[in-house]
Amino acid sequence: METVAPLPMTPPPGAVTACQKCGECCRRYTISTLPHEIERQAKFFKLSEEQFISIYTRLLVQFLPYHSSDHPLSMHVKMLPKKIWENLQSSGFEGEYVIILPMIGFKKDNYCVFFDSKTFGCSMHLVKPMQCTLFPFTSLKDNEDYAKAHDFCELSKISSPTNSTSEIQKFHRQEWGVFFDKVAHWGLEKTYPHWPEDGHVLHNGKIIAPIQKKQLLALLELAGKKNKPSNEKGNVAQ
Ligand code: SF4
Ligand code: SF4
């Protein structure tokens, strides 16, 4: 088994006993795994990165409403294929830009593919994504009321914000900052070494359309060239 260095921080006081191992955080959210995390996860399962991605991940594209093009993962909605845009509109999406993020797959019961329903634990606990390790203290808001934001989670109710939850928040932002710098420099396509062949587009956690790797990479290339609608009439062709 791969030896994994612990995250460079101490957990908040009481965190270990406060987590009820209810598994709700593995069911309610779709999880992103960063490129260097995929490297560790593949090694943990003694697989190549390509095999790991093909076996355990799906291409899940989360569309979040966003107000401007200044985010390295953002794309104007008019660049989306017509069918996807129509499905987005009918699902109540009102933003002008979307943020694109690759996600780990989930099962039919909405639990993450790595959730072990027998032990209510994570089958890659030692190398799980930072997003999971730091949950629920990962807000982008300053002075977040974690207990309110995640009222289903007992761990969020420990006396927050403590110094260590602030450290966790800072670390989380730094790690994403490094990732965004890479995306801004290399583009999203090249930031990840491999991509799953197909998957789904999500909005508000619901699947709204299928998407293929080829289709997404074409969109990303287009977004890299010009993050503006190609014309005022409509979307790129399917
Ligand atoms: S972190 Fe919270 S939601 Fe996740 S298993 Fe622990 S108590 Fe449940
Ligand atoms: S990777 Fe592990 S901790 Fe993270 S959501 Fe999946 S099962 Fe839960």
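**View 1. The hairpin of strand 7 and strand 8 in the predicted model.** In this predicted model, the hairpin formed by strand 7 and strand 8 has 2 residues between its strands, and Asn 204 takes a positive phi near 55° there. Strand 7 and strand 8, the latter spanning residues 206-212, run antiparallel and are joined by 6 bridges. Across this pairing, Asp 198 stands opposite Gln 212 in strand 8.

**View 2. The pairing of strand 1 with strand 7.** Strand 7, which covers residues 198-203, is also joined to strand 1, made up of residues 59-62, and here the two strands run parallel, with 4 bridges between them.

**View 3. Helix 5 and the strands against which it packs.** Within helix 5, which runs over residues 82-90, the residues Ile 84, Trp 85 and Leu 88 are buried. Because these three cover an arc of only 100° around the axis, they lie on the same side of helix 5. That buried side packs against strand 7 and strand 8, the two strands of the hairpin in the opening view. The face of helix 5 turned away from the buried side carries Lys 82, Gln 89 and Ser 90, which are exposed. Just after the helix comes Gly 92, which takes a positive phi of about 95°.

**View 4. Helix 4 and its buried face.** Helix 4 consists of residues 49-56, and its buried residues are Phe 52, Ile 53 and Tyr 56. Seen down the axis of helix 4, these buried residues fall within an arc of 100°, and so they line one face of the helix. Helix 3, which spans 35-44, is included in what covers them.

View 5. Around ligand 2 stand the cysteines Cys 26, Cys 112, Cys 122 and Cys 132, together with Ile 31, Phe 114, Phe 115, Lys 128 and Pro 129. By class, the shell around ligand 2 has 8 nonpolar residues and 1 charged residue, and no polar ones.

How values were computed:
Residues are numbered from 1 along each chain as its sequence is written. Chains are lettered from A and ligands numbered from 1 in the order in which they are written. This is a predicted model: local features need pLDDT of at least 70, side-chain atom pairs count only at pLDDT 80 or more; totals for chains, interfaces and linings use all residues. A residue is near a molecule or strand if its C-beta atom, placed from the backbone, lies within 6 Å of it. Ala, Val, Leu, Ile, Met, Phe, Trp, Tyr, Cys and Pro count as nonpolar, Asp, Glu, Lys and Arg as charged, and the others, Gly among them, as polar. Two strands pair if DSSP finds at least two bridges between them. A residue is buried if 20 or more other C-beta atoms lie within 10 Å of its own, exposed if 12 or fewer, and partly exposed in between; C-beta atoms are placed from the backbone. The arc is that of the directions from the helix axis to the C-beta atoms. Two residues are in contact if their C-beta atoms, placed from the backbone, lie within 7 Å.
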